[in-house]
Amino acid sequence: HTKRGLQVANLSAAIMKLPDREFGIRRLAACDHSFRTLCEDLSDAVQALEHWFASATLHVPERISEYQSLIEALVAEMQATLDKAPGRINSDSDPG
């Protein structure tokens, strides 16, 4: 993977969870390291949840619940960060 490829993969989980905020996600991720880290954390949590859904391990329900809660918290934090972002970044439409 290239660095750009990893960034796109990390953003795809955020865009999948907040499709109506795609433009804001892309804009903020381009200029805010903390937001990119949130996107990376969300991507990692989604991958882990997928792993646990596919697992046959005894403690699967607890792990699934933990990761679902983590994902919800990360998405809420991303929404709050997007809501506080400067006007152009906060816009949900591409100025084209």
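Trainee: How far apart are the end C-alpha atoms of helix α3, and what span should its 22 residues have?

Mentor: Please note that this is a predicted model. Helix α3 covers residues 33-54, and its end C-alpha atoms are 32 Å apart. At 1.5 Å a residue the helix should span 32 Å, so the two values agree.

Trainee: What is found at the start of α3?

Mentor: A side-chain oxygen of Asp32 comes to within 2.9 Å of the backbone nitrogen of Ser34 there.

Trainee: And which residues of α3 are buried?

Mentor: Among them are Phe35, Leu38, Cys39, Leu42 and Trp52. Ser43 is also one of the buried residues.

Trainee: Changing topic, how many helices and strands does the protein have?

Mentor: The protein has 5 helices and 0 strands. Of its 96 residues, 33% count as buried.

Trainee: How many residues are in the largest nonpolar core?

Mentor: That core has 24 residues, and those with the most contacts inside it include Ile25, Phe35, Cys39 and Met78. The elements giving two or more residues to this core are α1, α2, α3 and α4. Its largest share, 8 residues, comes from α3. In soluble globular proteins, nonpolar side chains tend to be buried together.

Trainee: Back to Cys39: what is it in contact with, leaving aside neighbours within four places in sequence?

Mentor: Cys39 is then in contact with Asn10, Leu11, Ala14, Ile25 and Met78.

Trainee: Finally, what about the surface?

Mentor: The protein exposes about 6100 Å², and carbon and sulfur atoms supply 53% of that area.

Key: Residues are numbered from 1 along each chain as its sequence is written. This is a predicted model: local features need pLDDT of at least 70, side-chain atom pairs count only at pLDDT 80 or more; totals for chains, interfaces and linings use all residues. Side-chain values use heavy atoms; hydrogens and water are left out. Helices (H or I, at least four residues) and strands (E, at least two) are DSSP runs, numbered from the N terminus. Buried means under 20% relative accessible area, exposed over 50%, partly exposed in between (1.4 Å probe, protein chains only). Accessible areas come from the Shrake-Rupley method with a 1.4 Å probe; for residues, only the protein chains shown count as cover. The expected span of a helix is 1.5 Å times one less than its number of residues. A polar contact is a pair of N or O atoms within 3.5 Å; within protein, one must be able to donate a hydrogen and the other to accept it, and residues adjacent in sequence count only if both atoms are side-chain atoms. A nonpolar core is a set of buried Ala, Val, Leu, Ile, Met, Phe, Trp, Tyr and Cys residues joined through side-chain atoms within 4.5 Å. Contact means heavy atoms within 4.5 Å.
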